[in-house]
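Subject: Structure for handover

Hello,

I am passing this structure on to you. Please look it over first; my notes on what turned up follow below.

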There are 2 protein chains.
Amino acid sequence: MENQDSFVLHGNLIYTSDRNKFISLKDGYMVVEKGTITSVSAEKPAMADNLPVKDCQGKLIMPGFADMHLHAPQYIQIGMGMDYKLLDWLDGYTFQEEPKFADPDYARKIYPLFVDEMTACGTTSSAIFATIHPESTDILCDILAQKGVRAYVGKVNMDTNSAPALTEETAESLKATEDFIQKWQNHPLVRPIITPRFVPSVTAEMMTGLGQFAEKYQVPVQSHLSENPGEIELVKKLFPQDQYYMSVYDRFGLFGQTPTLMAHCIHLSDAEIAIMADKGVYAVHCPASNLNLASGLMPMRKMLNAGVKVVLGSDIGAGHTLYMPHEIVRAIEVSKIRSIENPEETPLKLSEAFYLATKAGGEFFGQTGSFEIGWSADFLITDVPEYQQERSVDEQLQNFIYHGTAQDIQEVYVQGRPVKNTRK
Amino acid sequence: MENQDSFVLHGNLIYTSDRNKFISLKDGYMVVEKGTITSVSAEKPAMADNLPVKDCQGKLIMPGFADMHLHAPQYIQIGMGMDYKLLDWLDGYTFQEEPKFADPDYARKIYPLFVDEMTACGTTSSAIFATIHPESTDILCDILAQKGVRAYVGKVNMDTNSAPALTEETAESLKATEDFIQKWQNHPLVRPIITPRFVPSVTAEMMTGLGQFAEKYQVPVQSHLSENPGEIELVKKLFPQDQYYMSVYDRFGLFGQTPTLMAHCIHLSDAEIAIMADKGVYAVHCPASNLNLASGLMPMRKMLNAGVKVVLGSDIGAGHTLYMPHEIVRAIEVSKIRSIENPEETPLKLSEAFYLATKAGGEFFGQTGSFEIGWSADFLITDVPEYQQERSVDEQLQNFIYHGTAQDIQEVYVQGRPVKNTRK
């Protein structure tokens, strides 16, 4: 099984093709041919006769998770300094940690730990902020590529209002970014994404150059948007001519001109929400981070109703867990808190939050995150406790999402191939 | 080391003797004699010369956790039906599950799974709701006693407004409760606690009898208080002559006359909070449960400032995790959400939330939950990743609480003896 990507999976299949309900098949069959799903059925189809069967009876098979916002260099500071407010936390931890990645040997030591844990947690697709350092960012891409998982990786750009050790010379930063794009743009799994840290840490000159790269190379963009009131005020002060925070990104071609991920999106007016929906810009909800930094409660239901594409992110190290089921649960919890004060904002159902963490995020990468014909065979296999075997597949999934841990994930596959060297 | 309870622990010690700060000793020494802590110091004391050294260098040693509210029979329904509101969830899951414990064989099958997981999570002291069934409740006590952990266990009383399969005959219920108290009142670790489910499910006659037992046998009491507005209205309707919800318990001798745990305490007036403080009644904050059921956000800071004794509980199965660090983190998150709207309610610091889950809860059982002279040697030993070895002990603890899992807990001790058969 290890080195072939055509087989039949036999077990309890569960996925969401839309967000309103789970589709589940007890003891179902999923045919994978050359890494692509070619059949999903209750009975074994004839086409499967010549393929080896991977017997997962009594186990759950679900799509891999998509973690759509995280800072890889912050992996080793997870959970530290959570008593501090944002700026003290950044100064005390993040801005101490990220400069260390100027040393490629440090990247070679830390990034494999991060990639091992992320994949052991069942994440098969991710959108990652590295640091400003080109060589370390290349190293991260190499590790992800060797591991065989999907990722968009960004060399971060910062040329103003930043700690001295993290402030780049603009032209040099742009040159390094273009080199990085050219190097990785055709990789089958690991691709570049343009990554201005956020408006306050990039000059107009930097954003002009980055917008041109987005158009020239047709690469996506990721950044932060409206995480907390102080940040929003700062953007207003720096770019007084722009109507909204998002207008700055937009003016430089960094807001939906190519596929765009914006982390947080907590404090938005109805007009801004409508613009996001109109431009098809993704909002990345990072509930653990938003709670840890007391940033606020994103109005998920309002954004979904307005047609905004919402996905989920761990946002380590402001978030503290790479295990996406924790973010699924927290997204539901945040929506329930909002519903207490705002009854018209109905809470997220589990199927909705699961969909955000699988198909909604996966679609940013192409056809991954659901079990549909023609989609990539990116999935994970989890153990089901003996005492839950009599339950329905939906209930087994509920128990796994709320009560399971990364230890329950036995295997992780991308394009029909096992992800290498997981911790098990 | 396995069968002796006198030794010297050598490793990174951390604990909270008050809630405002951690006390930590890198490569410190803790002397345990016959299960009791007799010295905590930076250097190896002379008194330790004749004792075996348990070398835990590079590891964290902290007090065991206290889980002060949970429903053991709900263990196998964790995470299920979380899309439902309270009443549908109770009807669809809890009231289907609890009647199964009429069969002692079912208790023998399920309760060991619960106790294994709870102790593997590092919980050494707990306050547990069993079910109405005397035989199954005895079985649970036997399992806990064999395991060697501390617990208060309640045979639940319900004689009105309950599902038929969970409604007792009053006199029979009282008789069974008294038998249970007499059987367990002198056990060194596992003790009885009087457990009316909550005001709506017990008659005045039942509460009269239970209050008499509390006084006669000097046993503690646990129940639920002010979890959601509908429940509070119901109590008002059932007992219109009582000023507050808590006045009902109080009138029957079930509110601080002996040590009392009240779960939730979310929707309380300032006057009620003052009464709780005055009577020394414990409020058990169950943040995961309160989020899952959209019950509300307990005003932790207000209650601490008023002098209420607050502790933490997992409240499985409305809560979804037995791993108390998850509840520590969620208690902080809930306090941060409250602080956004109510800036005078400053967020919980990590040391405060850790204190609630160790010493504050432990004191309900006696001297456990802190590393002080004369206190019981109830502790756990956790692995520290190699890449965190250079960090301070406080930072290692921060990383463990936010980023660790039950798999990082290598050993659990109660009264200087290893808890038996943990999953490792």
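Between them, chain A and chain B bury about 3,700 Å², with 55% of that area on carbon and sulfur atoms. Please keep in mind that this is a predicted model. The contact draws on 39 residues of chain A and 40 residues of chain B.

Across this interface there are 20 residue pairs in polar contact, both residues being at pLDDT 80 or more. The interface of chain A and chain B also has 4 salt bridges. One of them joins R330(B) to E333(A), with 3.0 Å between the closest N and O atoms. On the chain A side, α1 (86-97), α2 (104-120), α9 (287-292), α11 (324-341) and α13 (393-403) each supply at least two residues that touch chain B. The largest share, 7 residues, comes from α11(A). Sorted by class, the side of chain A that touches chain B has 18 nonpolar, 12 polar and 9 charged residues.

Next, a helix pair within chain A. Two packed helices are described by the angle between their axes and the distance between the axes. For α2(A) and α3(A), the latter covering residues 134-147, the axes come within 9 Å and cross at roughly 35 degrees. The crossing of α2(A) and α3(A) is right-handed. Residues of α2(A) in this contact include Y111(A), F114(A), V115(A) and M118(A), and those of α3(A) include I139(A), L140(A), I143(A) and L144(A). In total, the contact of α2(A) with α3(A) divides into 11 nonpolar, 2 polar and 4 charged residues.

Over all chains the structure holds 44 salt bridges. Among them is the pair K279(A) and D250(A), whose closest N and O atoms are 3.4 Å apart. K279(A) is in α8 (residues 270-279) and D250(A) is in α7 (residues 245-251) of chain A, so the pair ties together parts that are 29 residues apart in sequence.

Last, some backbone details. Most residues other than glycine have a negative phi, and most peptide bonds are trans. In chain A, the peptide bond from I316(A) to G317(A) is cis, with omega near 0 degrees. G317(A) sits in the loop between β14 (309-312) and α11 of chain A. In chain B, the bond from I316(B) to G317(B) is cis, with omega near -5 degrees, and G317(B) is in the loop between β14 (309-312) and α11 (324-341) of chain B. K34(B), a residue other than glycine, has a positive phi, near 45 degrees. The loop between β2 (21-33) and β3 (36-41) of chain B holds K34(B).

Regards

Notes. Residues are numbered from 1 along each chain as its sequence is written. Chains are lettered from A and ligands numbered from 1 in the order in which they are written. This is a predicted model: local features need pLDDT of at least 70, side-chain atom pairs count only at pLDDT 80 or more; totals for chains, interfaces and linings use all residues. Side-chain values use heavy atoms; hydrogens and water are left out. Contact means heavy atoms within 4.5 Å. Buried area is the accessible area (1.4 Å probe) that two parts lose on being put together, summed over both. A salt bridge is a side-chain nitrogen of Lys or Arg within 4 Å of a carboxyl oxygen of Asp or Glu. A polar contact is a pair of N or O atoms within 3.5 Å; within protein, one must be able to donate a hydrogen and the other to accept it, and residues adjacent in sequence count only if both atoms are side-chain atoms. Helices (H or I, at least four residues) and strands (E, at least two) are DSSP runs, numbered from the N terminus. Ala, Val, Leu, Ile, Met, Phe, Trp, Tyr, Cys and Pro count as nonpolar, Asp, Glu, Lys and Arg as charged, and the others, Gly among them, as polar. Axes are lines fitted to C-alpha atoms, for helices over the stretch in contact, and angles run from 0 to 180 degrees between N-to-C directions. A crossing is left-handed if the near helix is turned anticlockwise from the far one by less than a right angle, and right-handed if clockwise.
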